[in-house]
Amino acid sequence: MSTAVAEGKTWGGGNEPLKASYGKMMMWFFIVSDALTFSGFLAAYGFSRFKFIDAWPIADEVFTHFPFLHGVDAPMYYVAFMTFVLIMSSVTMVLAVDAGHHLNKSKVTIYMFLTIIGGIIFVGSQAWEWNTFIKGEYGAVQTKGGNILQFGKYVDVNGEQKFKRVAISKIAVPQHGERVQHERKNGLWYVGEASLPPYTVEEVLHGLEAHKDVLVRTQIINEEGEKTVLSREASIEQIKKNGKQVVQGANLKVNEYGSPLFADFFFFITGFHGFHVFSGVMLNIIIFFNVVIGTYERRRSYEMVEKVGLYWHFVDLVWVFVFTFFYLV
Amino acid sequence: MAHEHKLEIFRGLIKFKSNIQKIWGVLILLSIVTIVEVILGIIKPEWSMTPVLGMKLLNWIFIILTIFKAYYITWDFMHMRDEVKGLRRAVVWTTIFLILYLSFILLQEGGYVFDVYDQGYIKRDF
């Protein structure tokens with residue numbers, strides 16, 4: 001096209017310096033803004049982590065579960081599996097785009113379908129991760145200052161002394177005179193409280209005194225990169241003096257694994273990402289049905305598959321970063 | 001439809017015959033990198049614990065490998081390799097610049113707040 005021809009259409013979009021259609025370009029710029037949103041979250045996570053750099057939970061000790069393998073210590077394997085599922089669904093998506101370029105309807109259908117399945121498996125896995133994280137495993141005592149004290153004992157593993165966690169339910173000694181949950185219907189009307197933790201600090205303290213080998217582990221990371229374990233006397237002292245409430249699992253207020261901020265960011269960032277995956281699956285389903293009923297076949301262009309593909313790859317791209325900053329670093 | 005795909009990765013070191021072959025090649029590359037990351041994350045080798053620029057060497061390795069993966073996802077899965085230079089730069093440089101800027105500021109500030117706690121101006125070990 002000569003300049004003279006293009007000139008007339010310049011303000012009508014006649015010039016295409018970026019050689020990309022309007023829709024595709026806008027998808028790219030949406031991705032830029034979304035990438036900045038995510039990096040805002042991740043940078044905020046980094047801020048909080050640098051703020052508590054000596055007391056942040058160690059991801060390997062938090063995410064140690066694998067479905068159907070109870071009591072097996074499997075750090076990160078499940079997240080690695082999830083990462084692989086998402087990369088794999090990215091691959092089927094790009095194969096669908098490629099088949100679209102060749103106007104091969106049946107292949108686009110199959111690959112879109114596989115992509116949707118991959119997305120659903122990923123969202124399901126994330127729900128399972130959340131569930132495990134919320135339920136928690138061992139429980140801990142939160143101090144007045146908001147720090148977390150966990151329990152464990154040294155066990156001999158192949159001639160090496162290893163610190164193994166012990167659940168609160170294993171050591172706590174039930175006491176009389178339990179406090180009853182205050183409900184809205186009695187006492188002060190319409191003022192309720194959250195359900196009480198399964199044990200009181202008093203019961204845990206008695207349990208700690210009764211079990212001679214159990215020690216308290218604080219959240220402070222020592223020079224070897226491990227959490228500091230207190231001596232027997234310091235353990236009892238710490239619980240007696242500072243113990244405030246028993247914490248089981250994690251939510252937006254408390255977190256048995258360490259700083260509550262860790263749980264907040266976990267829910268927020270993986271939740272926001274999960275929401276993206278969910279809406280990606282929805283978009284993919286819409287496009288899938290459009291492919292099936294032949295909309296793009298009649299249009300002789302499968303560019304919509306390409307656009308939704310860009311979004312889907314972006315979701316994968318974000319996960320690669322979430323995986324690194326939440327589970328690895 | 002004439003869609004031109006550039007079929008070389010690693011600056012022409014590996015050249016694929018077709019676009020589909022390139023997709024599988026990139027998948028293998030990404031899988032290998034992920035497996036390496038997981039293995040490093042589980043064994044945490046002694047040599048990788050040396051501090052470099054305020055972080056453990058291992059963490060830098062993870063970040064570099066992540067950017068490596070991000071590059072191949074963007075360039076080959078999202079076909080950034082086939083777009084014109086103008087679009088590529090508008091998208092990539094804008095994002096990289098703003099992210100670097102934001103993370104520098106926030107991490108710097110986080111380190112400062114840690115020092116404030118650490119030097120005992122605010123007590124939190126109770």
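**Figure 1. Chain A as a whole, with its helices and strands.** Chain A of this predicted model has eleven helices and six strands. Its radius of gyration is 27 Å, well over the 20 Å that the globule rule gives for 329 residues, so chain A is more spread out than a compact globule. Taken along the principal axes, the C-alpha atoms of chain A fill a box of roughly 90 × 60 × 40 Å. Of the 329 residues in chain A, 38% are buried, and among the contacts in this chain with a separation of 6 or more, 68% are between residues 24 or more positions apart.

**Figure 2. Confidence along chain A.** The predictor's confidence in chain A has a mean pLDDT of 89, and 96% of the residues of this chain reach 70 or more. When the elements of chain A are set side by side, helix α9 (residues 260-292) has the highest mean pLDDT, 96, while helix α1 (residues 3-9) has the lowest, 57.

**Figure 3. Strand β2 of chain A and its pairing partners.** Strand β2 (residues 148-157) of chain A pairs in the antiparallel sense with strand β1 (residues 140-143) over two bridges, and within this pair Gln142(A) stands opposite Ile148(A). The strands β1(A) and β2(A) form a hairpin with four residues between them, and in the turn Gly146(A) has a positive phi of about 90°. Strand β2(A) also runs antiparallel to strand β3 (residues 160-165) of chain A, to which six bridges join it; here Asp156(A) has Gln161(A) in β3(A) as its bridge partner. These two strands, β2(A) and β3(A), form a hairpin as well, with two residues between them and with Asn158(A) in the turn at a positive phi of about 50°. A further antiparallel pairing, over three bridges, links β2(A) to strand β4 (residues 215-221) of chain A, where Arg217(A) is the bridge partner of Gln150(A).

**Figure 4. Helix α11 of chain A within its surroundings.** Helix α11 (residues 303-328) of chain A has 26 residues and reaches 36 Å from its first C-alpha to its last, which is close to the 38 Å expected at 1.5 Å a residue. How much of this helix is buried? Of the 26 residues of α11(A), 23 are buried, so the helix is largely enclosed by the rest of the structure.

**Figure 5. Chain B as a whole, with its order of elements.** Chain B has three helices and four strands, and read along the sequence these elements follow the pattern β-β-α-β-β-α-α. The radius of gyration of chain B is 20 Å, well over the 14 Å that the globule rule gives for 126 residues, so this chain is more spread out than a compact globule. Along its principal axes the C-alpha trace of chain B spans about 65 × 35 × 25 Å. Buried residues make up 17% of the 126 residues in chain B, and residues 24 or more positions apart account for 37% of those contacts in the chain that have a separation of 6 or more.

**Figure 6. The contact between chain B and chain A.** To this contact chain A gives 46 residues and chain B gives 45. On the side of chain B that touches chain A, the elements that give two or more residues are α1 (19-43), α2 (57-77) and α3 (85-118) of chain B. Helix α3(B) gives the most to this side, with 16 residues.

**Figure 7. Helix α2 of chain B and what covers it.** Helix α2(B) has 21 residues and reaches 29 Å from its first C-alpha to its last, close to the 30 Å expected at 1.5 Å a residue. Its buried residues include Phe62(B), Ile73(B) and Phe77(B), and also Lys69(B) and Asp76(B). What covers the buried residues of α2(B)? The cover includes α4 (77-101) and α11 of chain A together with α1 of chain B. After helix α2(B) comes His79(B), whose phi is positive, near 60°.

**Figure 8. Val116(B) in helix α3 of chain B.** Val116(B) has its place in helix α3 of chain B. Is this residue, Val116(B), buried or exposed? With 11 C-beta neighbours inside 10 Å, Val116(B) counts as exposed. Leaving aside neighbours within four places in sequence, Val116(B) is in contact with Tyr121(B) and Ile122(B). The C-alpha atoms of Val116(B) and Ile67(B), which are 49 residues apart along the chain, are separated by 32 Å.

Conventions:
Residues numbered from 1 in each chain as written. Chains lettered and ligands numbered in written order. Predicted model: local features only at pLDDT ≥ 70, side-chain atom pairs only at ≥ 80, totals over all residues. Expected span 1.5 Å × (residues − 1). Buried ≥ 20, exposed ≤ 12 C-beta atoms within 10 Å, placed from the backbone. pLDDT = per-residue confidence, 0-100. Rg over C-alpha atoms; globule rule 2.2 N^0.38 Å. Contact = placed C-beta atoms within 7 Å. Pairing = 2+ DSSP bridges.
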